[in-house]
Amino acid sequence: MSKLNFLAGIFIFGHLGFYCTTMAQPPETHNNQIKNKITKNQSTMNSINKFEFKELPYAYDALEPFIDKLTLEIHYGKHHKAYYDNFMNAIKGTEMETMDIKDIFRNMSKFPVAVRNNGGGYFNHTFYWEGMKASGGGLPTGRLSEAITKSFTSFDEFKKQFSDAGKTRFGSGWAWLCMDDKGKLFICSTPNQDNPLMDLPNGQAGLAEKKGTPLLVMDVWEHAYYLKYQNKRPDYIEAFWNVVNWEEVAKRYENALKSERLK
Ligand code: MN
């Protein structure tokens, strides 16, 4: 198959998926979901516990030109949806069905690898979507900004270290900004669909040798950027800074501080 046919195939497949997903959902359900999203005003970490396949918080083309519409359609509608479906199948009929996702991650080493891969894929992507927005980027503000400067000496140094974590992650994975149990921020990366909440034996969680509360994540799997950036992962990483939703990251940081204080 020529490269052109291959890309055209992806294009048609992605669009079919998009229309199927859109058409399968009556407008009322869509409106209710939006209403629930606004009125509940839950934190990201809590709202993900219901194991819903949440709506993308913006239109497929909202992150253009930094993240293109087709990539987002396939990434959300196909990749993320598949992780969700497989996660649902993997926990069906088990105690995990009624567990909080964070408790599943805390006990990850006790559960099958299908739960680790698909539960991680389900959670990490929701966290990634909600950490971005149209006309994002710029600089963090308030206490988050102070914490970043304190932990990394400057915003530019933080940006460099986070970008490097994404660039040097071999194969597929994620770059993370997290808070540790002392309230200090740190950067790490994880392979595959692992995340820093998971209780994994030393070495299995890649560079996430330290567990922590995630604040920001960047997907560096090829499916996150290949259609637009091909092999140029650093270009995608540079573009990512234009869509970061710093208000959401600040909210996550405040919630993380609150839950540390409650311990
Ligand atoms: Mn992905």
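1. Helix α7 (residues 142-152) and helix α8 have axes that come within 8 Å and cross at roughly 75°. Axes here are lines fitted to C-alpha atoms, for helices over the stretch in contact, and angles run from 0 to 180 degrees between N-to-C directions.

2. On the α7 side, the contact is made by Ile148, Thr149 and Phe152, and on the α8 side by Phe155, Glu157, Phe158 and Gln161. Two residues are in contact if their C-beta atoms, placed from the backbone, lie within 7 Å. Sorted by class, the contact of α7 with α8 has four nonpolar, two polar and one charged residues. Nonpolar covers Ala, Val, Leu, Ile, Met, Phe, Trp, Tyr, Cys and Pro, charged covers Asp, Glu, Lys and Arg, and the others, Gly among them, count as polar.

3. The model is predicted: local features need pLDDT of at least 70, side-chain atom pairs count only at pLDDT 80 or more, and totals for chains, interfaces and linings use all residues. Residues are numbered from 1 along each chain as its sequence is written.

4. Helix α8 (residues 155-168) also meets helix α10 (residues 233-240); their axes come within 10 Å and cross at roughly 145°. Ser163, Gly166 and Lys167 of α8 are in contact with Arg233, Pro234 and Ile237 of α10. By class, this contact of α8 with α10 has two nonpolar, two polar and two charged residues.

5. The protein chain has eleven helices and three strands. Helices (H or I, at least four residues) and strands (E, at least two) are DSSP runs, numbered from the N terminus. In order from the N terminus, the elements run α-α-α-α-α-α-α-α-β-β-β-α-α-α.

6. The three strands form an open sheet in the order β2-β1-β3, with antiparallel pairing. β2 and β3 are the edge strands, each pairing on one side only. From one strand to the next, the twist averages 25°. Two strands pair if DSSP finds at least two bridges between them.

7. Seven bridges join β1 to strand β2 (residues 185-191). Leucine 177 has isoleucine 187 in β2 as its bridge partner, and methionine 179 stands opposite leucine 185 in β2. The two strands form a hairpin with five residues between them, and glycine 183 in the turn has a positive phi of about 90°.

8. Six bridges join β1 to strand β3 (residues 213-219), and these strands run antiparallel. In β3, methionine 218 is the bridge partner of alanine 175.

9. Is β1 buried or exposed? Seven of the seven residues of strand β1 (residues 173-179) are buried, so β1 is largely enclosed by the rest of the structure. A residue is buried if 20 or more other C-beta atoms lie within 10 Å of its own, exposed if 12 or fewer, and partly exposed in between, with C-beta atoms placed from the backbone. Gly173, Ala175, Leu177 and Met179 point one way from β1, and Trp174, Trp176 and Cys178 the other way. Across the protein chain, buried residues make up 34% of the 263 residues.
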